[in-house]
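Here's a quick briefing to read with the model open in your viewer.

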Amino acid sequence: MKTIADYLDEEILALVEKPAQYIGGELNSYHKEWDKARCKMVFCFPDFYEIGMSHLGLRLLYEAVNREEDLLMERSFAVMPDMEELLRSHNLPLFSWESRSSLKDFDIVGFTLQYELSYTNVLNMLNLAKIPLFSEARCLSWKNPLVIAGGPCAYNAEPLAEFIDLFTLGEGEESLPELMRLLAGFKAKGGLKTDFLKEAAKIPGIYVPSLYQISYDKKGQVAAFVSEEGAPVPVVKRVIEDFDSSVFPDKCLLPFTGIVHDRMMLEIMRGCTRGCRFCQAGMIYRPV
């Protein structure tokens, strides 16, 4: 029986534009033993490879998770129209770059929300992965992966709240491994997904939309925000307080193709001392 990798190598990659963006195996990428990981996550960037591989946050979280021996993170990106057409015509799901596994085979499918225009790509990637779009359709069973989202646009979570099981607010280098270990423990014990979400909401920086009732006024603005099951109000973002001990990759992923920011990145600070009201980063990445 042919695997996703077989179809890609034998029938698909020769027919698409920039096939090098889909092959994986880049220098300094992680290739861990699937069966030894207690929890498996795929980091999904809802835009093309050349944009996603320019994102420093991907590299930070990729390193933060994969340096843990019992955790695994692979990558996936939105595919170009020619690749999407071929995947659909061959009835193949969206896959991860490292092991070419179906996204549905992971414990967690995580999206980064960098800009609002990518929201439709989030839904299209879920559809291409053959994962039900609405969280309500996934909430009772572990048959489907946990779908999460983070990034700067997660601070305004409600536009995607019906599709995402939980949001991670703030910096994820600490909260994401913590969440993955909690999930691994629940699945090992056969715990219910609904019970897991209640426990996950206790982790600082985790927002679980299904645990809150939100009502709106006639202008469409939030009138009331009421929590259920003891979920916190407000949900406080996660902040790394000691950058001297924070994660930064010693060896960066080296893409096979040219990318938008085709250069090495070093992080010397987060946030901005000015805090201009019109600047997203200056407002949400506080304190500096």
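**A quick tour of the fold's inside**

Thr-168 counts as buried, because its relative accessibility is 12%. Keep in mind that this is a predicted model.

**Thr-168 and its strand**

- You'll find Thr-168 in strand β5, which covers residues 166-168.
- Leaving out neighbours within four places in sequence, Thr-168 is in contact with Ala-149, Gly-150, Gly-151, Ala-154, Gly-205 and Ile-206.

- Beyond the four places on either side in sequence, the contacts of Asn-144 are Lys-104, Pro-132, Ala-137, Arg-138 and Lys-193.
- Ser-215 belongs to strand β7 and counts as partly exposed, with a relative accessibility of 34%.
- Setting aside neighbours within four places in sequence, Ser-215 is in contact with Gln-221, Val-222, Ala-223 and Ala-224.
- Ser-215 and Phe-225 are 10 residues apart along the chain, and their C-alpha atoms are separated by 6.8 Å.

**Helix α3**

- Is α3 mostly covered or mostly open? Mostly covered: 10 of its 11 residues are buried.
- The buried residues of α3 are Leu-56, Leu-58, Arg-59, Leu-60, Leu-61, Tyr-62, Glu-63, Ala-64, Val-65 and Asn-66.
- The cover over those buried residues includes β1, α2 (49-52), β2 (71-77) and α7.

**The nonpolar core**

- In soluble globular proteins, nonpolar side chains tend to be buried together.
- Here the largest nonpolar core has 79 residues, and the members that touch the most others are Met-83, Phe-111, Leu-113, Leu-166, Phe-167, Leu-176 and Phe-196.
- Take Met-83 as an example: not counting residues up to four places away in sequence, it touches Leu-8, Ile-12, Leu-13, Val-16 and Tyr-22.

**Cysteines**

- How many disulfides does the model have? The count comes to 0.
- Cys-44 is in no disulfide, and the nearest cysteine sulfur, in Cys-39, is 14 Å away.
- Cys-44 also counts as buried, at 0% relative accessibility.

**The largest pocket**

- The largest pocket holds about 910 Å³ of space.
- It is lined by 38 residues, and those closest to its centre are His-55, Leu-56, Gly-57, Gln-114 and Tyr-285.
- Two or more lining residues come from each of β1 (39-45), α3 (56-66), β3 (108-112), β4 (146-150), α7 (172-189) and α9 (280-284).
- Which element gives the most to the lining of the largest pocket? That's α3, with 5 residues.
- By class, the lining of the largest pocket splits into 18 nonpolar, 15 polar and 5 charged residues.

**The second largest pocket**

- The volume of the second largest pocket is about 520 Å³.
- Its lining has 23 residues, with Ser-135, Ala-161, Glu-162, Pro-209 and Ser-210 closest to the centre.
- The elements giving two or more residues to this lining are α6 (135-138), α8 (193-200) and β7 (212-216).
- β7 gives the most to the lining of the second largest pocket, with 4 residues.
- Sorted by class, the lining of the second largest pocket has 12 nonpolar, 4 polar and 7 charged residues.

- Counting cavities of 30 Å³ or more gives 1, and about 50 Å³ of space lies in the largest cavity.
- What lines the largest cavity? The lining is made of Asn-28, Tyr-30, Arg-59, Tyr-62, Glu-63, Pro-249, Lys-251, Cys-252 and Leu-253.
- That cavity lining divides into 5 nonpolar, 1 polar and 3 charged residues.

Notes
Residues numbered from 1 in each chain as written. Predicted model: local features only at pLDDT ≥ 70, side-chain atom pairs only at ≥ 80, totals over all residues. Heavy atoms only, no water. 1 Å grid on protein atoms, 1.4 Å probe; cavity = no way out; pocket = protein on both sides within 12 Å on 5 of 7 lines; lining within 4 Å. Points joined across faces, edges and corners; volume = space filled by probe spheres on them. Nonpolar A, V, L, I, M, F, W, Y, C, P; charged D, E, K, R; others polar. Core = buried A, V, L, I, M, F, W, Y, C linked by side-chain atoms within 4.5 Å. Buried < 20%, exposed > 50% of the residue type's maximum accessible area, 1.4 Å probe, protein only. Contact = heavy atoms within 4.5 Å. Disulfide = S-S within 2.5 Å.
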